[in-house]
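Dear colleague,

I am handing over the structure below, and my notes on what was found in it follow directly after. Please read them with the coordinates open beside you.

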Amino acid sequence: MEKIYSRTKGLRADVVGGFCPGCMHSTVMKLIGEVLEEMNLFERAACVLGIGCCGLHMDYMSFDNITSPHGRACAVATGIKRSSPDSLVFTYQGDGDFAAIGLGESMSAANRGENISVIFVNNGIYGMTGGQMAPTTLMGMRASTAPAGRTAKEHGYPMHMCEILNQLTAPAYIERTSCNTPQNTLKTKKAIAKAFQNQLEGKGFSMVEIVTSCPTNWGMDALGALEYINEKMLAEFPLGVIRDAREG
Ligand SMILES: Cc1ncc(C[n+]2csc(CCOP(=O)(O)OP(=O)(O)O)c2C)c(N)n1
C-alpha cells in the first residue's frame, strides 16, 4: 500500500536560521542534531521546548517536538517519558524558563530522578522578551528591569543551577559547558551525548548547562559578547562536571 504520510526526521536543511548574530542557540541545536544523528536517535527523539528564543527551534526540527507552557518543560517531559519510555526525551530551556518561572518543575523533576535529559541554555538574561533580568544575570549586569545593573540589595545574587541541583540525591549527571571556543563546543557535544546515553541506560536525570551569550540584549557585538563570556560569565559559572554518578 502506498504511504500517505512520510517524512524524514532530522534538522531541517531547507530553512534559514533566524537567530540574532552571535546567538548560540543555533550552535547548540546543531550539536544536538549531530548527536542525535550519530547515535541514530532521530526516530525516538522527543524535544520539549521551553518558551523564549529557545522555543524558536520548532521551526528547524522535523523530529518530534512540543512547546511547553513557560517553565513547565521538565513536567511535560516527565509525562512524555513515563507514557513513552522508549522515547529519548529531552528539554531545551533558557534560564528564564528553567531557573525562574520553571524552578519548581525543574527542581522537582531532578529530585525525582526522572529519566530525562535537560539542555539548559544560560545566556544570563531573558532573550525573547527584551532583556529582563534572569536568575543568572551577573552582578552589575544591566537588564531592562535593572537599568543601573544588578545589585544584591535590590535583586539578590546569581543562581547557580548546577550547584543547586547537586544538593539533591537523585540526579545522575550534571555538567556545565560553554560554546565560547571550538574546544568547549566539542566538550558540549560530548556532554549532550552523555546526557542522552545516560537516559538510554536508565540512569535518571541528566542536565547540561551551556553558558552562552545574548549579544542583542547584552548590547554588544558578537565578539564583545564572546569576551564577556570569557571574562565574566565563566568566572561566575565555572565549567566542568559537577556530578557524574558513573564515577560516583
Ligand atoms: C506564563 C508566561 N509568563 C511570561 C511569558 C513571557 N515570556 C516569554 S519568553 C520569556 C523569557 C524567556 O527567557 P529565557 O527562558 O531566558 O529564554 P531566551 O529567550 O533567553 O532563550 C518570558 C518571560 C510567557 N510566555 N508565559
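In this predicted model, seven strands form an open sheet in the order 2-1-3-4-6-5-7, and the pairing within that sheet is mixed. Its edges are strand 2 (64-67) and strand 7 (240-244), each of which pairs on one side only, and the twist from one strand to the next averages 15°. As for the pairing itself, strands of a sheet pair through backbone hydrogen bonds, either parallel or antiparallel. Strand 1 (residues 45-49) and strand 2 run parallel and are joined by four bridges, and within this pair V48 has I66 of strand 2 as its bridge partner.

Helix 1 lies across strand 1, strand 3, strand 4 (117-122) and strand 6 (206-211), and its direction is at about 170° to strand 3. Helix 9 (residues 222-236), in turn, lies across strand 4, strand 5 (173-178) and strand 6, running at about 135° to strand 6.

Turning to contacts between helices, helix 1 (residues 25-38) packs with helix 7 (residues 182-200) at an angle of about 50°, the two axes being 9 Å apart. Because of that angle, helix 1 counts as oblique to helix 7, and the crossing of this pair is right-handed. From helix 1 the contact takes in T27, L31, I32, E34, V35, L36 and E38, which meet T185, T188, K189, I192, A193 and F196 of helix 7; by class, these residues divide into seven nonpolar, three polar and three charged.

L88 lies in strand 3 (residues 88-94), and because its relative accessible area is 0%, L88 counts as buried, the cut-off being under 20%. Beyond its neighbours within four places in sequence, L88 is in contact with L36, L41, R44, A45, A46, F196, Q199 and L200, of which L36 and F196 also belong to the contact between helix 1 and helix 7. S144, by contrast, is 56 residues from L88 along the chain, and the C-alpha atoms of the two are separated by 37 Å.

With kind regards

Terms used. Residues numbered from 1 in each chain as written. Predicted model: local features only at pLDDT ≥ 70, side-chain atom pairs only at ≥ 80, totals over all residues. Heavy atoms only, no water. Axes fitted to C-alpha atoms, helices over the stretch in contact; angles between N-to-C directions. Helix = DSSP H or I, 4+ residues; strand = E, 2+ residues; numbered from the N terminus. Parallel < 35°, antiparallel > 145°, perpendicular 65-115°, else oblique. Left-handed = near helix turned anticlockwise from the far one by under 90°. Contact = heavy atoms within 4.5 Å. Nonpolar A, V, L, I, M, F, W, Y, C, P; charged D, E, K, R; others polar. Buried < 20%, exposed > 50% of the residue type's maximum accessible area, 1.4 Å probe, protein only. Pairing = 2+ DSSP bridges.
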